[in-house]
Amino acid sequence: MSAIKKHETVKHTDRLMDAQDFWERNNKSIIIALSAVIVLAGGYFAYKYLYRLPEEKKGVEAIAKAQQYFASDSLQLALNGDGRNAGFLKVISKYEGTPSGNLAKLYAGETYLQLGDYNNALKYLKDFDANGSVQTQALVYGLMGDALSELKKNDEALENYKKAGTTFEQNQALSSEYLFRAASLYEVMGKNKEAIALFQQLKDKFPRTERGFSAEKYLGKLGATE
């Protein structure tokens with residue numbers, strides 16, 4: 001055997017001995033660590049498939065009747081249930097963390113808004129998570145603007161109306177409606193310069209919408225026609 005091959009064999013043997021020694025000294029720790037990973041992975045899949053998914057299915061079933069009541073303007077039944085079927089508030093408390101529990105917060109916020117309970121409307125709307133849906137978030141901003149406007153918190157209302165009008169401009173009807181409400185609120189506050197700017201923006205950006213078309217009238221009323 002050449003000296004080079006002999007040297008490589010010795011090095012290889014040394015590595016094996018080092019690895020064996022490392023295993024003997026640390027095998028318990030390695031086994032514990034691997035076991036923990038397996039347990040965590042198993043726990044995650046058990047949570048997802050044995051608990052999470054069934055809970056999400058139950059949540060979808062639970063919210064269905066409340067949505068029907070909401071659609072038919074039976075707002076108290078939608079909110080509180082009918083004694084046999086859950087309302088939005090029960091869905092929120094029972095299915096917290098599921099998509100249905102989250103959606104119920106949006107419904108509860110809008111229901112309270114229609115009932116004139118603006119503080120509770122804000123409470124649930126703020127707690128709702130749009131999960132990256134800019135169109136839904138635009139709607140939430142608008143609803144919050146309505147509640148804040150009713151509470152005479154005009155500056156906050158304006159902030160939310162303007163967000164609602166610019167977050168998802170592809171929905172021209174929604175965007176133009178909330179820009180119109182912001183412009184109208186400025187006018188009520190006596191801030192005609194700001195109102196004119198928003199009415200002009202409405203006219204320029206959304207000329208084919210109902211609110212964009214009517215902006216010309218309001219600009220004339222404020223003495224801003226060309």
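**Group meeting: helix 8 and its neighbours**

Hi everyone, let's start with helix 8, which covers residues 172–188. Helix 8 has 17 residues, and from its first C-alpha to its last it reaches 24 Å, close to the 24 Å expected at 1.5 Å a residue. Please keep in mind that this is a predicted model.

How many residues of helix 8 are buried? The count is 13 of 17, so this helix is mostly covered, with buried meaning under 20% relative accessible area. If you follow the chain just past the end of helix 8, you come to G190, which takes a positive phi of about 80°.

Now let me step back to the whole protein. You can see 10 helices and zero strands. Reading from the N terminus, the order is simply α-α-α-α-α-α-α-α-α-α. Of the 226 residues, 35% are buried. The protein exposes about 13900 Å², and carbon and sulfur atoms supply 54% of that area.

On to the packing. Two packed helices are described by the angle between their axes and the distance between the axes. I have two pairs for you, and helix 6 is in both.

Take helix 6 and helix 8 to begin with. How do these two pack, roughly parallel or roughly antiparallel? Their axes are 11 Å apart and the angle is about 25°. Angles under 35 degrees count as roughly parallel, so helix 6 and helix 8 are roughly parallel to each other. Their crossing is left-handed. If you'd like to click through the contact, helix 6 brings Q135, A138, L139, G142, L143, D146 and S149, while helix 8 brings L174, Y178, R181 and L185.

The other pair is helix 5, residues 118–127, with helix 6, residues 134–150. Here the angle is about 155° and the axes are 9 Å apart. Anything over 145 degrees counts as roughly antiparallel, and helix 5 and helix 6 are therefore roughly antiparallel to each other. Helix 5 also passes helix 6 in a left-handed crossing. On the helix 5 side, the contact is made by Y118, A121, L122, L125 and K126. On the helix 6 side, you'll find V140, L143, M144, A147, L148 and E150.

Terms used:
Residues numbered from 1 in each chain as written. Predicted model: local features only at pLDDT ≥ 70, side-chain atom pairs only at ≥ 80, totals over all residues. Heavy atoms only, no water. Helix = DSSP H or I, 4+ residues; strand = E, 2+ residues; numbered from the N terminus. Buried < 20%, exposed > 50% of the residue type's maximum accessible area, 1.4 Å probe, protein only. Areas by Shrake-Rupley, 256 points an atom, 1.4 Å probe, with all protein chains shown as cover. Expected span 1.5 Å × (residues − 1). Axes fitted to C-alpha atoms, helices over the stretch in contact; angles between N-to-C directions. Parallel < 35°, antiparallel > 145°, perpendicular 65-115°, else oblique. Left-handed = near helix turned anticlockwise from the far one by under 90°. Contact = heavy atoms within 4.5 Å.
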